[in-house]
Every structure is written in C-alpha cells, then in structure tokens.
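Thank you all for coming. I would like to walk through one model this morning, going from the whole chain down to a few individual residues.

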Amino acid sequence: MTTRHIKIFIMILTISFLTSCRQGYKVENDKVYYEYWNEGSGQGKRLIEKADAKTFQTIEFDCDCSFDFGKDKNHLFINGEPINDIDPKTFKFIGNYIFADKDKAYFFGFYNNLNDCAIKGVKPNQIQLIKYPWAKAGNFLIHGHDTVYVDDIKDFDPIDEDWGKTKKHIINNNQILYGADVETFKVTSTFQGEDKRFNYKFGIINEDDFK
C-alpha cells in the first residue's frame, strides 16, 4: 500500500468515525431523544421524558460553549437535561457563559449541577460583563454564579480568573480578603495569596500566622 493510499484510508476511517459519533437531539415517533457518545459505552440515546415533541426545537447561540440547547413550550434543555424554572421563551445569551431569561441570570461556565447555576441577587438587565468569569450588576461583583457586595466596584480590576482587586480590597472568587494590603498582595495559587503581613487561604488569614 502506497503512502497516498494510506492517507486516503486514514481519511475514510476518520470520516466514518466522526459521522458515527452522533450527539444532539432527535425527534422520533412523537418523542424527543438525546443522542450522545461515551468513550466507555459508545453511542447512546436516552429519552427526554419531559420534552414535548410537538413544540420541541433545537436552539443555537453565538457563544464558544459546547452545549446542545433545546426547548419546548415549557422547558429549556441543556445536553438533554431539563433545566428547572427557566423560561424558554425569553432565554438568551448575554456573554462569557452568562445567560438570562426574563427573571434571572445564569452562569454555565463551571458548575456542579446544571440546575444550580442561577446568579444570586441580581437582575439580568443590570449585568455588565467584565472578563470571564467576572461581571457586575450595580455594586454586586459576580464570579461565576456567586456574588459579593463591593462598595468600590467601579475600581474593580481582575487579576486572573480567581482573583481581583479594587483600590481598597483584594477579592478571591466571591470573598473579600478584609485587611489584605492591596499594594503588596501577591497571588500564590488559585485560593492562596500573601501580602507583607499575612498569608491568606480560602479568603481568610492562614491560621498559622496567628501562632
């Protein structure tokens, strides 16, 4: 077999593999299914019991997320999972993995449970994007789906995805490090930092510094 034939053979195998690995929604016999690929079990398909086949439709948003969205007259679905208490008619993409309906905003950038992604205590029409995963709404700083009240939020500047600062405060995720010296503070890990006086861990002074 020549090199050219080998390349063609590999190309055919690749195309065959990609076309056989289906993922997404399928309406069949008045029922809605979600097809998926699992490396352990291979191709799979599960029934979405809550989906109404007559009104079901897939939806797409101009975002870099890899979710499969769908909706019917009553529910929003993400990767085949019904999302509770979201209005499918008004659901829209804001940016940086933040979505919203008429009542609430939701962050789907990182999560433990797709049904626990509502951003607490903010109105969707007040949200202003900063830089992933940071946003703000009034004086509430948003990190993911958590919030913290920051009195000088207009001065907020993200350091990285876990840390940020204002002129008065150092902030780790949704916690203000009260007493931290902004001028000398350095980030040492995703949940640790230090200034000229103390080391901080998970938003508070490391207990070893009190010994």
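What share of the contacts in the protein with a separation of 6 or more comes from residues 24 or more positions apart? The answer is 30%, where contact means heavy atoms within 4.5 Å.

Before going further, please keep in mind that this is a predicted model, in which local features need pLDDT of at least 70 and side-chain atom pairs count only at pLDDT 80 or more, while totals for chains, interfaces and linings use all residues. Residues are numbered from 1 along each chain as its sequence is written, and side-chain values use heavy atoms, with hydrogens and water left out.

The protein has one helix and 22 strands, both taken as DSSP runs numbered from the N terminus, with at least four residues of H or I for a helix and at least two of E for a strand. Of its 211 residues, 37% count as buried, that is, under 20% relative accessible area with a 1.4 Å probe and protein chains only. The accessible surface comes to about 13,100 Å², and 48% of that belongs to carbon and sulfur atoms; the areas come from the Shrake-Rupley method with a 1.4 Å probe.

Let me turn to one hairpin. Strand β8, residues 92–95, pairs with strand β9, residues 98–100, in the antiparallel sense over three bridges, pairing being assigned if DSSP finds at least two bridges between two strands. Lys92 has Ala100 in β9 as its bridge partner, and Asn96, in this hairpin with two residues between the strands, takes a positive phi near 55°.

Next comes Ile48, in the loop between β3 (42–47) and β4 (57–59). Ile48 counts as buried because its relative accessibility is 4%. Leaving aside neighbours within four places in sequence, Ile48 is in contact with Tyr25, Val32, Tyr33, Tyr34, Phe77 and Gly80; Tyr25 is 23 residues away in sequence, with a C-alpha to C-alpha distance of 9.4 Å.

Finally, consider Asp195, which is found in the loop between β20 (192–194) and β21 (199–201). Asp195 is buried yet has no salt bridge, and the nearest side chain of opposite charge, Arg197, is 4.2 Å away; a salt bridge requires a side-chain nitrogen of Lys or Arg within 4 Å of a carboxyl oxygen of Asp or Glu. The backbone nitrogen of Arg197, however, lies 2.8 Å from a polar atom of the Asp195 side chain. That side chain of Asp195 also makes a polar contact, at 2.9 Å, with the side chain of Tyr200.

How values were computed. Buried < 20%, exposed > 50% of the residue type's maximum accessible area, 1.4 Å probe, protein only. Lys, Arg positive; Asp, Glu negative; His and termini not counted. Polar contact = N/O pair within 3.5 Å; in protein donor to acceptor, adjacent residues only side chain to side chain.
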